[in-house]
Amino acid sequence: MPEQTSKLDDLQSSPKIIKKLRKGDLVKVEREKYLNSLESKASDDDLPEYIFQGPGEVLLIKGDYCQVRWRRPVPDVWINLNHIVLY
């Protein structure tokens, strides 16, 4: 009996990781969240409008960041997952 209880406790106590985005999703940057972030203070003030209008395609997700490819002849960028929303 103690073994079953400990297994249940382990399952209930471990946080479930929920991915809100996955490869291939179309996204855009949420302006308010980005402009109030640490990343925006370290970046150029004059950002292109297309990142806020979308769509960009998620190429890769690593940790708290995802690589986004825009439908324009520009380089792919890494953006914090907290700053992007589904298109």
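## Overall architecture

The protein comprises four helices and five strands, where helices (H or I, at least four residues) and strands (E, at least two) are DSSP runs numbered from the N terminus. Along the sequence these elements follow the pattern α-β-α-α-α-β-β-β-β. The model is predicted: local features need pLDDT of at least 70, side-chain atom pairs count only at pLDDT 80 or more, and totals for chains, interfaces and linings use all residues. Residues are numbered from 1 along each chain as its sequence is written, and side-chain values use heavy atoms, with hydrogens and water left out.

Of the 87 residues of the protein, 26% count as buried; buried means under 20% relative accessible area, exposed over 50%, and partly exposed in between (1.4 Å probe, protein chains only). Among contacts in the protein with a separation of 6 or more, 52% come from residues 24 or more positions apart, a contact being heavy atoms within 4.5 Å.

Five strands form an open sheet in the order 4-3-2-1-5, with antiparallel pairing; two strands pair if DSSP finds at least two bridges between them. Strand 4 (77–80) and strand 5 (84–86) are the edge strands, each pairing on one side only. Neighbouring strands of this sheet are turned by 50° against each other on average, direction ignored. For such angles, axes are lines fitted to C-alpha atoms, for helices over the stretch in contact, and angles run from 0 to 180 degrees between N-to-C directions.

Strand 1 (residues 26–29) is joined to the antiparallel strand 2 (residues 56–62) by two bridges, and Val27 stands opposite Gly56 in strand 2. Six bridges join strand 2 to strand 3, again running antiparallel; here the bridge partner of Glu57 is Arg69 in strand 3. These two strands form a hairpin with two residues between them, and Gly63 in the turn has a positive phi of about 65°. Strand 3 and strand 4 pair in the antiparallel sense over four bridges, with Tyr65 opposite Asn80 in strand 4. The hairpin that joins strand 3 to strand 4 passes through six residues.

## The nonpolar core

The largest nonpolar core has 14 residues, of which Val29, Trp70 and Ile84 touch the most other members. Such a core is a set of buried Ala, Val, Leu, Ile, Met, Phe, Trp, Tyr and Cys residues joined through side-chain atoms within 4.5 Å. Strand 1, helix 4 (50–53) and strand 3 (65–70) are the elements that give two or more residues to this core.

Trp70 counts as buried, at 4% relative accessibility. Leaving aside neighbours within four places in sequence, its contacts include Val27, Val29, Tyr50, Ile51, Pro75, Val77 and Ile79.

A search of the whole structure finds one aromatic pair. The ring centres of Tyr50 and Trp70 are 5.8 Å apart and the planes lie at 70°, so the pair is edge-to-face. Rings of Phe, Tyr and Trp (its six-membered ring) pair if their centres lie within 6.5 Å; planes under 30 degrees apart count as stacked, over 60 as edge-to-face and the rest as tilted. The pair links Tyr50 in helix 4 with Trp70 in strand 3, 20 residues apart. Tyr50 counts as buried, at 18% relative accessibility.

The charged end of Arg31 sits over the ring of Phe52, 4.1 Å from its centre; the criterion is NZ of Lys or CZ of Arg within 6 Å of the ring centre and within 35 degrees of the ring normal.

Gln67 is placed in strand 3 and counts as buried, at 18% relative accessibility. Not counting residues up to four places away in sequence, Gln67 touches Glu57, Val58, Leu59, Leu60, Asp76, Val77 and Trp78.
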